[in-house]
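Hello,

Here is the structure I promised to pass on. Have a look at it first, and then read my notes below.

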Amino acid sequence: MNDHTMEPSPFTQTIDWLAFTLPEAAVEEITDMIGGDWFKTDTGFRGYPISWLTSNGRQGVGKLGTGAHRKTKEVHVDLSAGIVSTWPEAKVRTVLAWIFEQRGHVTRLDVALDDRQALVAVSTVKQAVDAGQAVTRSQKFQTVAASNMRDGTAKGETLYFGSRESQTMLRVYDKRLEMEQKGREEAKEFGVRWELELKQERAQACAKALINLQPEDWREFLVGILRSYVDFRETSREAEPWEKYRAPLLPWWQVLTEGFKRCRLVIQKVQQTIETVCQWLGQSVSAMLALAYRRRGEEFLKDLIVIGTQKWKAKHWALLNEGPEKTPYVLHPA
């Protein structure tokens, strides 16, 4: 599933989100297992009064919460795509196995299946739904269209099967178009994304299957989850339920799911820059820095900077030296 010697496949898989809860664990043990630079914040997270944060690139955010009143030792962790999608398969399995060893529960697991060449357009999927050819357990289907505020031009739409409240939700959207709109250079490498969001029992079962099955069996298991949730068959809205389930698969759906069974796990490369670091600071911690400044003063923030520079590693020096210096105030480690 992660053989870099093979030719690039038009079908790939990415672990896109991981959330879990541990009944008891030390924060340091968790952060060491996950990796990255974590810092404590003064705000709560998901009802936990004590929280920690980490980041990785544009979209990589990790949040940890603990210290709940009735379960003081319980810890909950959310890791977004920008973190878990950069892990090799071995690390994904190691972290999941460790969670279960700690008697923890995986509460959310997102898996993205990418049709990199956009062999099946989003419009094709929508047409099948409109024709009653989607055989699904979902009670809810909706489309969310995006458009340009200035000229009203269409910017693609996302198809949703299920809801946020359910244990399974499927999103289908044009990942290439989404990334082009964000100005991402790697947009051409993508196509249409089928993203499964699994929660609670289904996330737990999927995670256990990932660490217990061989890679090829895991891929087939994953496609089985997808097809058990929604199938596209040569049928109609008026057909009886038994007729729908016996109808032949639509040709494009058969090609797509067979391709997903042979997909490879992709390890996303995150190139962090000074610009993304500053952007993350502005979005994530600027409010808390302002609060610290108001309550503790400028000298307190300067002390934090001194402490921070003494923790610099090779990656921090690389970022510092990546281009012209724009910051007039830089402290070097003692």
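This is a predicted model, in which local features need pLDDT of at least 70 and side-chain atom pairs count only at pLDDT 80 or more, while totals for chains, interfaces and linings use all residues. Residues are numbered from 1 along each chain as its sequence is written, and side-chain values use heavy atoms, leaving out hydrogens and water.

Let me start with two helices (DSSP runs of H or I, at least four residues, numbered from the N terminus). In H7, Arg-219, Glu-220, Val-223, Leu-226 and Arg-227 meet Trp-253, Thr-257, Phe-260 and Lys-261 of H9; contact means heavy atoms within 4.5 Å. By class, four nonpolar, one polar and four charged residues make up this contact.

Leaving aside residues up to four places away in sequence, the contacts of Phe-232 include Val-125, Phe-161, Trp-194 and Trp-253.

Thr-158 lies in strand S9 (residues 154-161), strands being DSSP runs of E with at least two residues. Thr-158 is buried, at 17% relative accessible area, where buried means under 20% and exposed over 50%, with a 1.4 Å probe and protein chains only.

Pro-241, in helix H8 (residues 241-246), is exposed at 52% relative accessibility. Its C-alpha is 8.7 Å from that of Val-135, 106 residues apart in sequence.

Best wishes

How values were computed:
Ala, Val, Leu, Ile, Met, Phe, Trp, Tyr, Cys and Pro count as nonpolar, Asp, Glu, Lys and Arg as charged, and the others, Gly among them, as polar.
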